[in-house]
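Reader: I'd like to learn how to read a structure like this one, feature by feature. Can you walk me through it?

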Amino acid sequence: MQKGFNSDITVRGQKYHVQTEDWGLQNPFLVSRIFCNGAVMKTIKTPYDSVLRMGSNRTEEAIKLALRRQHSTIIDTLMAGGMP
């Protein structure tokens with residue numbers, strides 16, 4: 001299973017590293033961190049319950065999709081000049 005994503009992006013000359021991880025069923029959160037110059041600028045911690053549909057099975061595929069969506073949304077927001 002995909003446990004996370006890492007991306008390096010440059011926005012208006014500023015370099016960022018975005019790291020998104022699945023902390024697993026024992027600690028059911030998707031956690032993203034935005035780094036700039038090695039320091040954590042922001043942490044986004046999303047519980048499984050808020051990204052998976054009510055009543056749906058917590059399948060690996062659903063978690064993987066939510067993980068990818070969270071990572072992509074953060075990158076899109078940074079590229080647009082915002083901070084999630």
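Author: For D22, the partner in β3 is L30. Some housekeeping: this is a predicted model, where local features need pLDDT of at least 70 and side-chain atom pairs count only at pLDDT 80 or more, while totals for chains, interfaces and linings use all residues. Residues are numbered from 1 along each chain as its sequence is written, and side-chain values use heavy atoms, with hydrogens and water left out.

Reader: Which helices and strands does the chain have, and in what pattern?

Author: The chain has 2 helices and 4 strands, and along the sequence they come as β-β-β-β-α-α. The C-alpha trace spans about 45 × 20 × 20 Å along its principal axes.

Reader: How do I read the sheet, and what is the order of its strands?

Author: The general idea is that strands of a sheet pair through backbone hydrogen bonds, either parallel or antiparallel. Here you have an open sheet of 4 strands in the order β1-β2-β3-β4, with antiparallel pairing. β1 and β4 are the edge strands, each pairing on one side only. From one strand to the next, the twist averages 15 degrees; for angles like this, axes are lines fitted to C-alpha atoms (for helices over the stretch in contact), and the angles run from 0 to 180 degrees between N-to-C directions.

Reader: How many bridges join β1 to β2, and how many join β2 to β3?

Author: β1 and β2 are joined by 8 bridges, and T10 stands opposite K15 of β2. Between β2 and β3 there are 6 bridges. Both pairs form hairpins: β1 and β2 have 2 residues between them, whereas β2 and β3 have 6 residues between them, with G24 in the turn at a positive phi of about 90 degrees.

Reader: Are R12 and N37 buried or exposed?

Author: Here's the scale: buried means under 20% relative accessible area, exposed over 50%, and partly exposed in between (1.4 Å probe, protein chains only). R12 counts as exposed because its relative accessibility is 70%. N37 is exposed too, with a relative accessible area of 72%.

Reader: How about salt bridges: how many does the structure hold?

Author: A salt bridge is a side-chain nitrogen of Lys or Arg within 4 Å of a carboxyl oxygen of Asp or Glu. The structure holds 2. One joins K3 and D22, whose closest N and O atoms are 3.9 Å apart. K3 sits in the segment before β1 and D22 in strand β2, so this pair ties together parts that are 19 residues apart in sequence. K3 is partly exposed at 44% relative accessibility, while D22 is buried at 6%.

Reader: And which side chains meet in the other one?

Author: Those of R33 and E21, at 3.9 Å from N to O. This pair links distant parts of the chain, with R33 in strand β3 and E21 in strand β2, 12 residues apart. R33 counts as partly exposed at 24% relative accessibility, and so does E21 at 28%.

Reader: What about the chain as a whole: what share of its residues counts as buried?

Author: Of the 84 residues, 33% count as buried. Among contacts with a separation of 6 or more, 38% are between residues 24 or more positions apart.

Terms used:
Two strands pair if DSSP finds at least two bridges between them. Contact means heavy atoms within 4.5 Å.
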